[in-house]
Amino acid sequence: KNHLATGLPLSKKKVLITAGPTHEAIDPVRFLGNRATGSMGFELAERAADLGAEVILITGPTTLELANKTIALIRVTSAEEMYLAVHTHFEKMHVVISAAAVADYRPKTVAEQKIKKKGDGDLNLELERTKDILKSMGEIKTNQFLVGFALETENELDNAKNKLQKKNLDAIVLNSLQDKGAGFGQGTNKVTFIDKNLNVNAFDLKTKSEVAIDIWQEIISLSNA
Ligand code: CTP
Ligand code: CA
């Protein structure tokens, strides 16, 4: 569609990226969430667009904005909403990267009214599992190149390899929290890229924009993208 994009490595490729945290409602004014900012997913989306891809970015709550206005941005709140948005587009995609920090649990019931304090006792919230969005894609994928992230604090490499296999992925990006400056809320990340043949490529600590470029280079060389 854009003749100027011809020759770029991802031109004519449809790419879907998930980003950000999810918020799981407790009552009309409260939620369970996490500290993800969405920046890794946003960088992956921007760099994919630079490389000529047609990009859809599905993000949980974040204050980030996109520089590239050709990227289709879909804003969602909960894991369930993200699941539905992802599956609206999944079948048509060539490459999918799951960078979102999806909540693993959500309150089993959402109170219709703001929960009021009762006496001086404790409050117990009952939680249920959310859908594993990435795993659900691995179960139905045909030719899509499917990439996950793994955040681990122990047995990093083994846990990441297990996730790669359990979710039927083509590759997984291990996010290391070991180095100072890496991870949530920082401008930098230290990642290790693992493909489905369990080839491991450990990158240095870099800006998230540089990390995104490294990830795309790996994907481009592995997929026939
Ligand atoms: N993921 C997802 N849907 C979920 C949970 C996780 O799509 N409900 C995706 C994440 O986007 C990430 C990958 O699965 O790409 C791994 O997420 P992570 O939290 O590291 O692993 P989990 O499988 O949730 O296992 P655990 O948190 O127990 O380590
Ligand atoms: Ca998890």
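Predicted model: local features only at pLDDT ≥ 70, side-chain atom pairs only at ≥ 80, totals over all residues.

Visitor: Where is the place of K167, and with which residues is K167 in contact, leaving aside its neighbours within four places in sequence?

Guide: K167 has its place in the loop between α4 (156-166) and β10 (171-176). Once the neighbours within four places in sequence are set aside, K167 is in contact with L134, K135, G138 and G148, and two of those names, L134 and G148, come back among the residues closest to ligand 1.

Visitor: What makes N168 partly exposed?

Guide: N168 has 16 C-beta neighbours inside 10 Å, and because a residue with 20 or more is buried and one with 12 or fewer is exposed, N168 falls in between and counts as partly exposed. N168 is found in the loop between α4 and β10, and its phi is near 55 degrees, a positive value in a residue other than glycine.

Visitor: Is K114 buried or exposed, and what is the count behind the label?

Guide: K114 has 10 other C-beta atoms within 10 Å, and since the limit for an exposed residue is 12 or fewer, K114 is exposed. K114 is found in the loop between β7 (105-107) and β8 (127-129), where it touches D27, P28 and V29, not counting residues up to four places away in sequence.

Visitor: Which residues does UniProt list for "binding site", and how far are they spread in space?

Guide: The unreviewed UniProt entry lists D104, K114, F149, K163 and K167 under "binding site". These residues are spread over 64 residues of sequence and also in space, with up to 37.6 Å between C-alpha atoms.

Visitor: Which residues are closest to ligand 1, and which element gives the most to the shell around it?

Guide: Ligand 1 is surrounded by 15 residues, of which the closest are S98, V102, I133, L134 and G148. Two or more residues of the shell come from each of α3 (133-140) and β9 (145-152), and β9 gives the most, with four residues. By type, the shell divides into eight nonpolar, three polar and four charged residues.

Visitor: What makes V96 buried?

Guide: V96 has 25 C-beta neighbours inside 10 Å, and because 20 or more is the requirement, V96 counts as buried. V96 has its place in strand β6 (residues 95-98) and touches L16, F90, M137, Q144, L146 and V147, not counting residues up to four places away in sequence. The C-alpha atoms of V96 and N124 are separated by 37 Å, although these two residues are 28 residues apart along the chain.

Visitor: How do you know that β12 pairs with β10 and with β13?

Guide: Two strands pair if there are at least two bridges between them. Five bridges join β10 to β12 (residues 191-195), which run antiparallel, and three bridges join β12 to β13 (residues 200-202), also antiparallel, so both pairs meet the requirement. I194 in β12 stands opposite I172 and also opposite V200 in β13. β12 and β13 form a hairpin with four residues between them, and L198 in the turn has a positive phi of about 65 degrees.

Visitor: Why is the chain called as compact as a globular protein of that length?

Guide: The secondary structure of the chain comes to five helices and 14 strands. Its radius of gyration is 18 Å, close to the 17 Å that the globule rule gives for 225 residues, so the chain is as compact as a globular protein of that length. Of the 225 residues, 37% count as buried.

Terms used. Residues numbered from 1 in each chain as written. Chains lettered and ligands numbered in written order. Near = placed C-beta within 6 Å. Nonpolar A, V, L, I, M, F, W, Y, C, P; charged D, E, K, R; others polar. Rg over C-alpha atoms; globule rule 2.2 N^0.38 Å. UniProt positions renumbered as here; feature names shortened; annotations may be inferred. Contact = placed C-beta atoms within 7 Å.
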